[in-house]
Amino acid sequence: MTDWRAQLTVPRAPFIPQVVWVDDPATGDFRAVSRNDDEPRWQALVDVDEPIVTQVDDGATAPGDAGRQPSSSCSQPSLVAAMLTTLDVHAGHRVLEIGAGTGWNAALLSARTGAAGHVVSVEVDPAVAEGARRALAEIGATPSVVTGDGTRGYAPDAPYDRVVCTASVRAIPRAWLEQTRPGGVILAPWGTDYGSDALTRLVVDEAGGASGRCGRGLSFMRIRQQRRDFLEPSRSAMATAATSQTTRRGRELFEMVAFAEAAFTIGLRVPSCYLTVEDLDADHRRIELHDVRSASWARVGLVRGADPWTVHQLGPRRLWDEVDAAYAWWCAAGRPTPDRYGLTVTPAGDHEVWIDIPEDARRWALPAERPGPGR
Ligand SMILES: C[S@@+](CC[C@H](N)C(=O)[O-])C[C@H]1O[C@@H](n2cnc3c(N)ncnc32)[C@H](O)[C@@H]1O
């Protein structure tokens, strides 16, 4: 197999801003690392095969302060290479990227399409878009960077041979289908609110729908309009929670939160359910489920070697019971792994998932996308 580094024909360093952010495991916050103050550390971050956070809190946090949430990054190089390979870009292709970020991937795409092709990258954050434009101009790369909401695609340069999203989505926007030529490819980290996303590759058909398969698991940042959100019930609300004991063993609870096991399936069967897992120490783990829309919440508190564990559930939905039933379905369905799933999107934008083949009896429609809280 070709070394993934050979795919990366444009250097990464010219695209990395002078200030980047690293997480502080002690606090969970992000702290700025400035190239001016600590060049060796900055360079080490650029050289390693890891993502680099290049903006936090939509740019609202100053470098001296603690950042809470990454909002732009330069993706992990080996993953960038894998996505380029899966996207299969050729000379002369017209490519739409959603999420310009630093502009590095746009430069890599443009090196593949060559002068006969065209790359346009849409970035929602004006300051990030400006940084990408500057970095691309400095190395003489020609992609255009448009400031805007990439879920609308970019109609003026359509149709595209390839559409690639470098943020994750819960639904494939209709604009992407409409702006891709028949036979063209849409590649996106796609998934539900529950757990990681799957790298999903769809081929657009003559009717304007698209179909394809889910692949490896990914943890990309969400597109701005579809961010997940969580609930933190107060002590007094907690006191009113319905309480029960889970009958599940440790191994089963592990499978329920692991992408490669049941988590991807559970997300497809339990809509609007955001999963968080927090390891408090070596012996204590908290699994929480959140649906901010209906103000429903559940927690299982695990203590090593002390099962059965207590379940707390609040709100109109009994999220833990829904997840437990979806886990039972996954076991009965032969424990399908994420790579066995496929996704079909109709021209009207309806999403249907299936296992192994589109005609499989185990296929179902996903609920229509509703705008998220977008925190
Ligand atoms: C992981 S970064 C992209 C990495 C980038 N391709 C690179 O080469 O550095 C995701 C980017 O998506 C952007 N983004 C989020 N929501 C968006 C939207 N609706 N439209 C366009 N860009 C969006 C974020 O601001 C962020 O810069």
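The domain bounds I use come from an automatic or database domain assignment. On that basis the protein is divided into domain 1 (4-74), domain 2 (77-225) and domain 3 (234-332). Before going further, this is a predicted model, in which local features need pLDDT of at least 70 and side-chain atom pairs count only at pLDDT 80 or more, while totals for chains, interfaces and linings use all residues. Residues are numbered from 1 along each chain as its sequence is written, and side-chain values use heavy atoms, with hydrogens and water left out.

Take domains 1 and 2. Their centres, taken over C-alpha atoms, are separated by 22 Å. Contact here means heavy atoms within 4.5 Å. By that criterion 21 residues of domain 1 are in contact with 21 residues of domain 2.

Now the ligand. The shell has 25 residues, and the closest are Ser72, Thr102, Glu123, Gly150 and Arg224.

By class, nine shell residues are nonpolar, 12 are polar and four are charged. For those classes, Ala, Val, Leu, Ile, Met, Phe, Trp, Tyr, Cys and Pro count as nonpolar, Asp, Glu, Lys and Arg as charged, and the others, Gly among them, as polar.

Next, the polar contacts, meaning pairs of N or O atoms within 3.5 Å; within protein, one must be able to donate a hydrogen and the other to accept it, and residues adjacent in sequence count only if both atoms are side-chain atoms. A polar backbone atom of glycine 99 is 2.9 Å from a nitrogen atom of the ligand. An oxygen atom of the ligand lies 3.0 Å from a backbone N or O atom of asparagine 105. Threonine 166 places a polar side-chain atom 3.0 Å from a ligand nitrogen. Taken alone the ligand exposes 600 Å², and the protein buries 98% of that. Those areas come from the Shrake-Rupley method with a 1.4 Å probe; for residues, only the protein chains shown count as cover.

On secondary structure, helices (H or I, at least four residues) and strands (E, at least two) are DSSP runs, numbered from the N terminus. The elements giving two or more residues to the ligand shell are strand S4 (70-74), strand S5 (94-98), helix H3 (104-113) and strand S6 (118-123). S4 supplies the largest share, four residues.

One of the closest residues to the ligand, Thr102, sits in the loop between S5 and H3. Is threonine 102 buried or exposed? Threonine 102 is buried, with a relative accessible area of 8%; buried means under 20%, exposed over 50%, and partly exposed in between, with a 1.4 Å probe and protein chains only. Its side chain reaches the backbone nitrogen of tryptophan 104 at 3.2 Å. Not counting residues up to four places away in sequence, threonine 102 touches Phe15, Pro17, Thr54, Ser73, Cys74, Ala132 and Ala135.

Helix H2 (residues 77-87) is mostly covered, with nine of its 11 residues buried. Among them are Leu79, Val80, Met83 and Leu84. The cover over the buried residues of H2 includes H3, strand S8 (160-165), strand S9 (180-190), strand S10 (197-204) and strand S11 (210-218). After H2 comes aspartate 88, whose phi is positive, near 60°.

Arginine 31 and tryptophan 21 are 10 residues apart in sequence and 5.3 Å apart in space, C-alpha to C-alpha. Leaving aside neighbours within four places in sequence, serine 34 is in contact with Gln18, Val19 and Glu39.

Leucine 253 is in helix H7 (residues 250-257) and counts as buried at 2% relative accessibility. Beyond four places in sequence, leucine 253 contacts Arg248, Ile287, Leu302, Trp309 and Trp320. Helix H8 (residues 259-269) is mostly covered, with eight of its 11 residues buried, including Phe259, Phe264, Ile266 and Leu268.

Key. A residue is near a molecule or strand if one of its heavy atoms lies within 4 Å of it.
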